[in-house]
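Dear colleague,

I am passing a structure on to you with this email, and below it I have written down what was found. Please keep the structure open while you read, so that you can look up each place as it is named.

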Amino acid sequence: MNEFITTVLVGISAFIATNIDDIVILLLLFSQINSSFRCRHIIAGQYLGFTILVLASLPGLLGGLIISPNWIGLLGLIPIAMGISSLINQEEDEIQEVAVETTEYPQTNTASIFNVQTYSVAVITIANGSDNISVYIPLFASSNLNNFLIIVVSFFILIAVWCYLAYRLAYQTTNVNIINQNFNYILPFILIILGGVIVLKTQALSVIKLIASCICLTILVKKNRTN
């Protein structure tokens, strides 16, 4: 039971860390709902795009079944490096404005969930998912099949939660700005903790070696920033 709870918490942390910018995009999409662009198109497109991102991350799981977990665990240094880089640079992520054309498609398309509108949302989700794949590959690689299924189920439940929150907050721009600004300070720590869990869980490095690796990554990031 403890392993189940730990796996669920890891899945939740990974989802939040990689999808906080996605909820802002969802807010923009829900604010554009009209007679031809419905909630069902956004939700279906979100699930379709996220499923493709998970499938693109499956090499991590397959590699974890073949390669020694100790070596796979070193991939946990990737989210750690991402977190350290974000923490040092403290640059606000630029959210590209998303404009979904909702009036150019005929009304007959709205009868189907998987129409042009849905695919447009899916494309946006995939295009915004490079950080998802970077985190999910080492996460899946450090998981066995049972843990992988738990994490994926957690992801798909959280997508529904994400869509609901975005729908409720779609017309409250003040809340959106607060979430977007404050999470820039929290995100680096979530990524670092997530990467540390992956490394320590697979026993790829000891605590001391992990701390030393973090110090080295910090030095490298600072050096690249000054160049």
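Predicted model: local features only at pLDDT ≥ 70, side-chain atom pairs only at ≥ 80, totals over all residues.

Turning to the overall build, the protein chain has 10 helices and zero strands, which is to say that, read from the N terminus on, its elements run α-α-α-α-α-α-α-α-α-α. Of the 227 residues in the protein chain, 43% are buried. If you look at contacts between residues at least 6 apart in sequence, you will find that 86% of them join residues at least 24 apart.

Next comes the interior. In soluble globular proteins, nonpolar side chains tend to be buried together. Here the largest nonpolar core has 38 residues, and those that touch the most other members are F15, L26, L29, Y136, L139, F140 and F155. At least two residues of this core are supplied by each of α1 (2-30), α2 (39-56), α6 (116-127), α7 (130-141), α8 (145-169) and α9 (173-201), with α1 giving the largest share, namely 12 residues.

Now to a pair of helices. Two packed helices are described by the angle between their axes and the distance between the axes. For α1 and α8, the axes come within 8 Å and cross at roughly 35°, and the crossing in which α1 passes α8 is right-handed. Sorted by class, the residues in the contact of α1 with α8 are 22 nonpolar, five polar and one charged.

Finally, is F30 buried or exposed? This residue is found in helix α1, and F30 counts as buried because its relative accessibility is 2%, while the cut-off for being buried is under 20%. Although F30 and Y167 are 137 residues apart along the chain, their C-alpha atoms are separated by 5.9 Å.

With best wishes

Conventions: Residues numbered from 1 in each chain as written. Heavy atoms only, no water. Helix = DSSP H or I, 4+ residues; strand = E, 2+ residues; numbered from the N terminus. Buried < 20%, exposed > 50% of the residue type's maximum accessible area, 1.4 Å probe, protein only. Contact = heavy atoms within 4.5 Å. Core = buried A, V, L, I, M, F, W, Y, C linked by side-chain atoms within 4.5 Å. Axes fitted to C-alpha atoms, helices over the stretch in contact; angles between N-to-C directions. Left-handed = near helix turned anticlockwise from the far one by under 90°. Nonpolar A, V, L, I, M, F, W, Y, C, P; charged D, E, K, R; others polar.
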